[in-house]
Amino acid sequence: MELLLSELVSRNRHWTNFGNVATYIPELKNANKDALGIVVVDIEGNIYKAGDYETKFTIQSISKPITLMLALMDYGPDHVFEKVGMEPTGDPFNSMRKLETINPSRPLNPMINAGAIAVASIIRGKDNEEKMDRILQLFRKISKNPNLNINENVYLSEKKTGDRNRAMAYFLRDVGIIEGDVEAILDLYFKQCSIEVTCEDIAHIGMFLANHGVIKETGEQYVPKNITQIVKTFMVTCGMYDASGEFAIQVGVPAKSGVGGGIMCAVPNRMGIGVVGPALDKKGNSIAGVKVLESLSKELALSIF
Ligand code: DON
């Protein structure tokens, strides 16, 4: 397996030349544009690594399915889906145009920024510190990495420049989707996006989802199965934003991308996959990462469809 992964990384590395690192969060400019790495964790617990798998990156939007699990555990689907819908947008991840035109005014799904900010607004905790602790606790448990933490520079960089998210959050308060201190809600959202990870961390999270919320080693049902099912469905329909349809055809597994260059996949009952490649395509997905996943899916017949 490691041989195959190395071969796929070599075969697809040139794609990094056709993408660019995210620059709208200034600190992300410092990422290594040429990096490409992959880790697979299979259902037996074997771990396979290739390429620049040690590259650290911020989790960014890959945090969205995980905070969604927390909100669903805190409140149940009925309450969460009053705040955010279940439909793909066909628009970029940070688009605001449908926020005002759909009726009732509500983010279309929890994978776009507006939806994830709505989810962040209902995470339970007496203050932001306790809320962030709960988020980190879940991330650490399911990534099997007790040392996960935020990258302070990326967090501060987005906090300083995230005006589009700020605009959407204030709009969401105006229409009654979120309540309370908008800056505190954004602060939590920026922090969840700034959690620093490696491919191995997100591969473990992918495996946890692939295993329906059960921690393999202990058999503990850590997140209810129906919640992991909801989250994986969102990953298929909205996880790669306005490229989700093409990705479902070419790769065919639940996946979530982030502008840090990561992609997390959950192949039900088989494996979790973590990929990093900070050079992004026009839709904000890792350009070489998607190509590696296309190749891997074909080699191992991973498509769930
Ligand atoms: O809110 C943002 O714009 C970033 N913190 C996360 C966006 C993101 O990762 C989109 N993914 N491809």
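Because the model is predicted, local features need pLDDT of at least 70 and side-chain atom pairs count only at pLDDT 80 or more, while totals for chains, interfaces and linings use all residues. Residues are numbered from 1 along each chain as its sequence is written.

**Exercise 1. Describe the domains of the chain and the contact that joins them.**

Step 1: begin with the bounds, which come from an automatic or database domain assignment. Domain 1 covers 2-57 + 197-299, and domain 2 covers 61-193. Taken over C-alpha atoms, the centres of domain 1 and domain 2 are separated by 21 Å.

Step 2: count the residues in the contact, where two residues are in contact if their C-beta atoms, placed from the backbone, lie within 7 Å. Domain 1 supplies 31 residues and domain 2 supplies 29 residues.

Step 3: The side of domain 1 that touches domain 2 has 18 nonpolar, eight polar and five charged residues.

**Exercise 2. Describe the shell of residues around the ligand.**

Step 1: apply the rule that a residue is near a molecule if its C-beta atom, placed from the backbone, lies within 6 Å of it. The ligand is surrounded by 13 residues, of which the closest are Q60, S61, C193, V259 and G284.

Step 2: look at class and origin. The shell holds three nonpolar, nine polar and one charged, and it draws at least three residues from each of domain 1 and domain 2.

**Exercise 3. Describe how α1 packs against α13.**

Step 1: recall that two packed helices are described by the angle between their axes and the distance between the axes. Axes are lines fitted to C-alpha atoms, for helices over the stretch in contact, and angles run from 0 to 180 degrees between N-to-C directions. Helix α1 (residues 2-12) and helix α13 (residues 287-300) have axes 9 Å apart, at an angle of about 135 degrees.

Step 2: name the arrangement, given that angles under 35 degrees count as roughly parallel, over 145 as roughly antiparallel, 65 to 115 as roughly perpendicular and the rest as oblique. The angle therefore makes α1 oblique to α13.

Step 3: list the residues that make the contact. From α1 come L4, L8, V9, R11 and N12, and from α13 come A288, K291, V292, S295, L296 and E299. By class, the contact of α1 with α13 has six nonpolar, two polar and three charged residues.

**Exercise 4. Locate P104 and K144, and state the backbone detail of each.**

Step 1: P104 lies in the loop between α4 (97-101) and α5 (113-120), and the peptide bond from N103 to P104 is cis, with omega near 0 degrees.

Step 2: K144 lies in the loop between α6 (128-143) and β4 (149-150). Phi of K144 is near 60 degrees, which is a positive value in a residue other than glycine.

Technical notes
Ala, Val, Leu, Ile, Met, Phe, Trp, Tyr, Cys and Pro count as nonpolar, Asp, Glu, Lys and Arg as charged, and the others, Gly among them, as polar. Helices (H or I, at least four residues) and strands (E, at least two) are DSSP runs, numbered from the N terminus.
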